[in-house]
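The text begins with one residue and its surroundings and then turns to the contact between two chains.

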Amino acid sequence: MSASRILWFAASILVGLCLVAIWQLAADARLVSPVFLPGPDKAWAALERGIASGELLDKLLGTVGRMVWGWLLASLLGIGVGALIGISPAARAWLGPTLEFLRPLPASAIVPVAIAFLGLSEGMVLAVIGFGALWPMLLATVHGFAAVEPRLYEVSRALGLSRWEVIGKIALPNALPDIFAGLRLGLTVALILAVVGEMLASREGLGLWILLSARAFRAPDLFAGVILLGLVGFASALLLSAVERRALRWRLPPG
Amino acid sequence: MDSLALPTCEPLIRFCGVALTLGGRRILDPIALDIGRGEFVCVVGPSGCGKTTLLRLIAGLYLPTEGQVLYGGKPVAGPRQDIAIVFQDYGKALLPWRTASGNVSLALEALGTPRAQRPARIAALLAKVGLAQHADKFPGQLSGGMQQRLQIARCLAQEPSVLLMDEPFGALDAMTRQALQDEVLGLAASSGATVFFVTHDLEEAIYLGDRVVALKPNPGRVADMFEVRLPRPRDQLATREHPEFLRLRRTLFDFIKEAEA
């Protein structure tokens, strides 16, 4: 079992390496002008240079900070409001249509509104991230709270649990798998909007770095930024999965 | 148990002309039924006869539309902590995200048992139902029989005066069912709790009960009652071969066949 898993893991690494090799070959053969497509060797060198000088590290921290704060903001709001709506059928009925109207609005459409109110500021970027990342969390939480097994409510009544105990000990843990699904989606959205926000509001970060590198035809720097962004997304998703596995270990198969 | 100072002849639970109409449909016709303190009453009848409804009326999960359910002389107004319910669908009644210990703990938390006293109480309760080895397992890792034992342990944590059991062993295999029947008899005898046991298994009803109440459907009403004069403690072989057991079994089978015809 574990031997085959190692084999699969090795195969997935191999596929990745092959893609990098193809990229290198394509760049060496000049299929695309090196002005636009540097080889992985040049991108890697730019990455090393940027990190050694500390410049890329600053941008990285800027973007990660924005993503995390925006995501936390959206999570707190989404889970809090989602819980309130999920618990009460009346709130669900009253707020449902409004939420369904707001939900499909692209976050980019909110940007001009946010700029009008908050200017080209850090707060504006956070507001846009918060708004965009809110919906997956909110809707998943509403669903998780609304989908409590009715039998558990009877058990709660028979045991004499208080209303708050029912919310904290029954409804919230019941919603946790849904909430984690929402957190994962929200994290992706937060990273996207952090980059877009930086580009629009000229805040120091990987997004702005990529934009400026492209404008200055510094293709290796551009690719270095893209690679770092990919790593941020990958690492944050991995971290969240680890937390999720721990929190939801009761869902693991027996044994 | 001592909190209700009543003459011993007074029943613990009394149905006074209790009828129930839900959504315009008559579920129960007026019912009169007394259940004595410490009595083990089994309820049988064809499906749709209101067995579970009677149980839910005692639990206070339903309130009668006519008449009153009296508990210790006072009308039942809602669920209370000294009446515990064992549901048939243990898979839905347990918290899947809590371990066996955590599920028992839920009842103690509801009772306001101080945190420091909980671990010892939980260990004792799990030991009582034979789950001491499985305290840290989640319900999903336990067999059906073990999950039902866990639910019983959680109910015992309430130290209930009344144990309501709604077809608790209906989903279990025959061997597990017999083992659990004997465990419940032992627990009822040692705690002195009054047990109201709903089942569709006539032999189970006779084997466990001091009395078997037979219901008739459409709408639900009490059709007959049978005293079970079999010696205790009961024994899976000797009791089931006892002439009185066989006589009651025949009577009840005839009754059910007639009720379903």
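Helices (H or I, at least four residues) and strands (E, at least two) are DSSP runs, numbered from the N terminus. Arg211(B) belongs to strand S9 of chain B, residues 211-216. The model is predicted: local features need pLDDT of at least 70, side-chain atom pairs count only at pLDDT 80 or more, and totals for chains, interfaces and linings use all residues. Residues are numbered from 1 along each chain as its sequence is written, chains are lettered from A in the order in which they are written, and side-chain values use heavy atoms, with hydrogens and water left out.

Arg211(B) is buried, at a relative accessible area of 8% (buried means under 20%, with a 1.4 Å probe and protein chains only). Its side chain makes a polar contact with that of Glu39(B) at 2.7 Å; such a contact is a pair of N or O atoms within 3.5 Å, where within protein one must be able to donate a hydrogen and the other to accept it, and residues adjacent in sequence count only if both atoms are side-chain atoms.

| Item | Value |
|---|---|
| Buried area (accessible area, 1.4 Å probe, lost on being put together, summed over both parts) | about 2100 Å² |
| Salt bridges (Lys or Arg side-chain nitrogen within 4 Å of an Asp or Glu carboxyl oxygen) | 3 salt bridges |
| Polar contacts, both residues at pLDDT 80 or more | 6 residue pairs |

On the side of chain A that touches chain B, H7(A) gives the largest share, 7 residues.

Methods: Buried area is the accessible area (1.4 Å probe) that two parts lose on being put together, summed over both. Buried means under 20% relative accessible area, exposed over 50%, partly exposed in between (1.4 Å probe, protein chains only).
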